[in-house]
Amino acid sequence: MLNSIIIAIDFTDVASKVLITPTFINPGILKRSIAIEKGKVLNLKIKTLEVFIYENTLDQFKDKAYLNLNDIALKLTDILDKTKDKLNYFKGALHFPGFRRHLARLILDLRLNEADGKHLEKLENITKWQETIIIKNLYEKLLENGYYDYASCLSNIPSKRISDKLFIIDSQYSKLEVEAIDTLGMTIIKPGSSEASKPKLNAFCSETIHQECLQITRQISNEIKLNTSTTRIGICVPDYDSYFDALNEAQGVLLRGSINKITEKESSEDNEKETIPAGQNLYHFIKGTPVFNTLHGKLWQYLAEWIRTDYSVYGMLKILRSGVFNFHSVLKGAEPADFFKALSIFTKTPSKLVQKGFKDSIDIYLSNKIIKDEEDNAEIKTKYTDPQKNIALSLAQDFESLVPEVNEEPDETKEKDKLKQRLNSVQTFLKKYTYINELSKKSLARINNILQVICDNLNEYGKDTFEAIINDVTERMSNSHIIDSIPSFNHPIVGDLYDLKYMRFDMLYIAGLNEGGLPKEISQDPLILDEEKSELIKLNNNYKFYSIEQRHEEYEKEFSMLTESANNELILSAPLRDLSTNREKLLSRYFLEIWNRNNDSRLDFRQLTDELRKLPESRNDFIALKAEDSFYKYETGISYLHKINIEKADDKLLLKHFPSAEKSNEYISERYKSDKFGKYWGILGLDINRALPVLSASRLSAFAKCPYKYFLKYELNLDAPEEYDNISLEWLDTMTIGNFLHTLFHNFSEAMRKKRGKEYSVVEQSDHEIFTKEFDELIKTYKISNPINSEVYFEFGMKDLKEKADIFFEDELNNKNKRLYTELAYGIPKDGRDTLSYSKEPIEIDANGIRIKFRGSIDRIDETSDNKFVLIDYKTGKEKTFDESKPFAGGSLPQTGVYCEAITSIDNKISNPTFEYWYLTQYGVNKTFKVDYVKYKDKFKILLKFIIENIKTGNFPPNVVERTCSEYCDYFSVCADKRTWLFEIQKKYTDEYGIIKNIQKEEF
């Protein structure tokens, strides 16, 4: 289909153009697909037909509210409630799940085709259609009072042609849509007969989708490592949300390198460890994050399950013990250990008391108002502290606000008020107990909007129960996603048939091709049957109602378009084990058809399954080495035990072979159960005389920015959890850009030494040829180590690199200093470092009586014409403004002091240096941040000693002084604070937090 779009649209024409799609297609990624094929996209907008029509009729409906399908369903609820006594056919279906939405879809379809009531009355089931006409007429009367819908827009489309050139993708459109397409002179784009050359076909099968996703991830990882050319990879999945989980788990396993390949020899030396390349965030999920994969979404699921299971104490404890429940909100200064102790109060409270209400039951139990044996009474007095009791009572009260009042006679007049009150309590509960990050903010806003709409329209919503409303909200949230980053071809793109069908890929995976797999199966609309559609079309051949067969043909045509979008390779896969019944599933007929067509064979389902199971890719011989890496405990564990010839496997054996938890998870678990670290879980009170490892300027900077992050990274040695969001369209990430420029400047300096001598001081315009040669050679090297996945964004990255490089060269032309050293290393490997003077051993620095060893690399050292020395550090990020009161930038730039102290030990001729940070900006100016170190030397010694003493004694509180904690921190998911509760109490504990404030203000 992409070729057809490119052929139909003249991209050399500078006129504004609009490409209109029948269903939502991510416009950003479709435009990139076109740009990569065509080279440029001029003035092209991409919109769905409904959005386009809506936007171009806004001025026709001033002061009116637009009704989407969900809004129509709400309005119909009120209409049905008022007319239920007149209904016969529909009366029994009023409370059937999904009925209102089916009815809303039917009413809108009838309006989109301008179906005549006289035609509807000629259909066989006259009672149904008479009632449908009544409901439709009442809905249309409602529209006269301040509302309009999609059909209204189509009926009022301006007859004048819109100035943009309009192109629309061929699909199944209604009567009004067809007329609008004709009125506006849209060019219809139909798929060509052949969209691509015949790609190579590969395939495999697996037991479960988790094994399938692990194999897909492994293959793509290897492709990225081996292929240095542009490769666009797509993965089409039948169930986006399920594969979101499975593919994330698979890449997490491979990123940690925790998969072992058990070979035929079963020997350890033959085991292969496979990992995704370092720093590679593998997948981009085109729809974004499913709501139920956000912290808030998961908490909602637990809450909804608790409500469905009659508000059990067991269900409540499941919520309280879950990792998504923000228990800090209820601590109010108590220890986290107190929270977990308080949970045992719920398990100890007799179940018969719960009938009195959670809070009263807890209160009765704790106050000894029920008869218990003396031992139990004594235990309560000594076992629970006041903070623990208060936590239990507070939790019980919050949960009780969601529960119906006990032993109260129903009162219909108060029912709506009670429903609204309980729904408001749900909103309050979620806001209080959800951990907040950017994704949860968005999902929390989404659920609050849904609940608010229901609260505002309770009279129209009907007399549904609280439980029914919760189920309805859950249904609305399913298949809902939070867009958290901009899509690009820098990563393999995961989406369903709707998302990927108009794109072009070099390599395309189609997953989940077992029975019932793609294309999507269509069931008959229960309110308008196919034969009724046929009868209506006979009465008026302008009607555009589509039968099951026609809809199915449309999906199959789109599936065919998808398979043709693979340029080089098409890979089919199918998980064949039904874990709920343990039966083997059949392959999808589409799998079988594609295989037989491409291989000119006539295999049946069983024969093809047998062939697939013989393929190496289909073998389940990749075993998780850790329990947390197992997708299913028994699926992977039993498989491994079977490999080592253990016939009978039980929990003890599994624990023996999978004993360890991931270090960070283990740490979090133990921390929540213990008060070892006090309130802040990072203030350790260690011996000030304890030995420290060799430090670096970056370590000091890390401590100054957030001592707790320093604690996690350098004291506990926790690996930073991997994140899989792609938020950059650039070829190289920020750190790699910095490495590239540092290497370029060093290589240029080495080349100039060969030309002009060891300590040259002149760079001429003619030397730009040398500089360009070094730049081009380095680009070749980086292309190999950092494959280009998008030529469009490679060019963008190249422009950025050239701008920064040109700024550097312009300054070199004006700089008459003598160049002494570049990349002068001490205590670290000397590969790529200045060989003129190199210290293998770390440098010892005195911090007012404390001697500490440091290692590092000084970017550059110059000598001025008046024999003064300048140490230079290149910065490729945002420039800082020099503050006389904070010469070390609040401790975040300690290089000034560390390097100036270290240089005299490396070269004793250099004394009293100044320090300059060179910021290479995109504005053509090399901004500098200069520090006269001699002037601030004493202040640095005090700062250094202060930081070292706090590191030695273990003062590692999180940095919440200025609310600077960011979800982009590498250790965000394991941070102790989760922010909110620390913000509330930080002012009471100035001693612990004073170290951060003092460092950042440089006041001691």
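Q: What should I know about the model before we start?
A: This is a predicted model, in which local features need pLDDT of at least 70 and side-chain atom pairs count only at pLDDT 80 or more, while totals for chains, interfaces and linings use all residues. Residues are numbered from 1 along each chain as its sequence is written, and side-chain values use heavy atoms, with hydrogens and water left out.

Q: In what order do the strands of the open sheet come?
A: The order is S2-S1-S5-S6, with parallel pairing. Strands (E, at least two residues) and helices (H or I, at least four) are DSSP runs numbered from the N terminus, and two strands pair if DSSP finds at least two bridges between them.

Q: Which strands are at the edges?
A: Strand S2 (44–48) and strand S6 (187–189) are the edge strands, each pairing on one side only.

Q: How many bridges join S1 and S2?
A: Strand S1 (residues 17–21) pairs with S2 over 5 bridges, in the parallel sense. Within this pairing, Leu44 in S2 is the bridge partner of Lys17.

Q: New topic: which residues have the most contacts inside the largest nonpolar core?
A: They are Trp300, Trp306, Leu320, Phe325, Phe339 and Leu395, in a core of 55 residues. A nonpolar core is a set of buried Ala, Val, Leu, Ile, Met, Phe, Trp, Tyr and Cys residues joined through side-chain atoms within 4.5 Å; buried means under 20% relative accessible area (1.4 Å probe, protein chains only).

Q: Which helix gives the largest share of this core?
A: Helix H19 does, with 7 residues. A second, separate core of 53 residues includes Ile29, Cys236, Ile286 and Trp595.

Notes
Buried means under 20% relative accessible area, exposed over 50%, partly exposed in between (1.4 Å probe, protein chains only).
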